[in-house]
Amino acid sequence: MSNEPITLTAGDAEVTVLPGDGGRIGGLRVGGTELLRQGERYGCFPMAPWCGRIREGRFQDGAVVHRMPLNAPPHAIHGTARDGAWRTARVTADEAVLTHDLTDPWPYTGRVTQVIALARDSLTLTMSVETYESSFPAQLGWHPWFRRGLDGADVRLSFDPAWQEERGADHLPTGRRVEPRPGPWDDCFGMPDGVDVTLTWPGRLELRVTGPERWVVVYDEQEEAVCVEPQTGPPNGLNTLPRLVTPLEPLEAATTWSWRRL
């Protein structure tokens, strides 16, 4: 199938999916109100086959050191899948299935599959990466840019992490876990019982980001948007906490955004 834009609808919720622009979600509208920051870098993009930064773009797999392009010097950031075209495998009125074949500069062959399923009061995203050849370390996650303000109401974030990954001057975790600190944040938090973060626009909407993943990056240093990023490991995780994708074991991730009007 083509990689043309897709519109999903359920009740008064509408999602725009952009397979040709990194498999990202271009918009999420509830009752006609757009919840995601607009623009080609924004919306919500999938992070694969890694999340956040890789230190100096280098990761080691066994005795082999691989180098990724430094697209956030001096580091590599957010994977390669967001920069490539995805193919539409299946579409219904409220669900889209996209695939993306990993290719250069990623050194391994593999396929990423993303399912975007819309309901009247929720959006569920699932993703997997699989290989039929060499095993490799990988991470999966999503990077949504939620609008900071809706009709004059500024968003409030609420979550209760078990720890915060201490961030070094290079924006990467130092390896130490510390007590969660007050924002503003560009930080990774541990939630061993699963991601659970609530965004509230007072008097307008409450949106809850949940899922089975144990890490979430929260970024709220921008005036226009805040990011709540569920992911399968911390930044630089290809080096510090590798998850191996094998022909018998794909890596899977999921998140659900549920909302209610206030």
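Reader: Is glutamate 165 buried or exposed?
Author: In this predicted model, glutamate 165 is found in strand β20, which covers residues 163-167. Its relative accessible area is 7%, and the limit for that class is under 20%. Glutamate 165 is therefore classed as buried.

Reader: How many residues apart are arginine 111 and aspartate 101?
Author: Arginine 111 forms a salt bridge with aspartate 101, in which the closest N and O atoms are 2.7 Å apart. Arginine 111 is partly exposed with a relative accessible area of 34%, and aspartate 101 likewise counts as partly exposed, at 42% relative accessibility. Arginine 111 belongs to strand β12 (residues 111-119) and aspartate 101 to strand β11 (residues 95-101), and the pair links distant parts of the chain, 10 residues apart.

Reader: In β8, which residue is the bridge partner of arginine 58?
Author: Strand β7 (residues 58-61) pairs with strand β8 (residues 64-67) in the antiparallel sense, over four bridges. The two strands form a hairpin with two residues between them, and glycine 62 in the turn has a positive phi of about 65 degrees. Arginine 58 also forms a salt bridge with glutamate 56, at 2.6 Å between the closest N and O atoms, but its bridge partner in β8 is arginine 67.

Reader: Which backbone oxygen lies 2.8 Å from a polar atom of the side chain of glutamine 139?
Author: Glutamine 139 lies in the loop between β14 (136-138) and β15 (141-144), and it is buried, with a relative accessible area of 2%. Its side chain reaches the backbone oxygen of glycine 233 at 3.3 Å. The oxygen at 2.8 Å is that of proline 234.

Reader: How far from cysteine 188 is the nearest cysteine sulfur?
Author: A disulfide requires sulfur atoms within 2.5 Å, and by this rule the count comes to zero disulfides. Cysteine 188, which is buried at a relative accessible area of 4%, is accordingly in no disulfide. The nearest cysteine sulfur belongs to cysteine 51, and its distance is 9.5 Å.

Reader: Which residues have the most contacts inside the largest nonpolar core?
Author: The largest nonpolar core has 61 residues, and a second, separate core of eight residues includes Tyr42, Met47, Cys51 and Ala225. Phenylalanine 146 touches, among others, Leu35, Leu199, Trp201, Val226 and Trp257, not counting residues up to four places away in sequence. Inside the largest core, the residues with the most contacts are Phe146 and Trp257.

Note on methods. Residues numbered from 1 in each chain as written. Predicted model: local features only at pLDDT ≥ 70, side-chain atom pairs only at ≥ 80, totals over all residues. Heavy atoms only, no water. Buried < 20%, exposed > 50% of the residue type's maximum accessible area, 1.4 Å probe, protein only. Polar contact = N/O pair within 3.5 Å; in protein donor to acceptor, adjacent residues only side chain to side chain. Pairing = 2+ DSSP bridges. Core = buried A, V, L, I, M, F, W, Y, C linked by side-chain atoms within 4.5 Å. Contact = heavy atoms within 4.5 Å. Salt bridge = Lys/Arg side-chain N within 4 Å of Asp/Glu carboxyl O.
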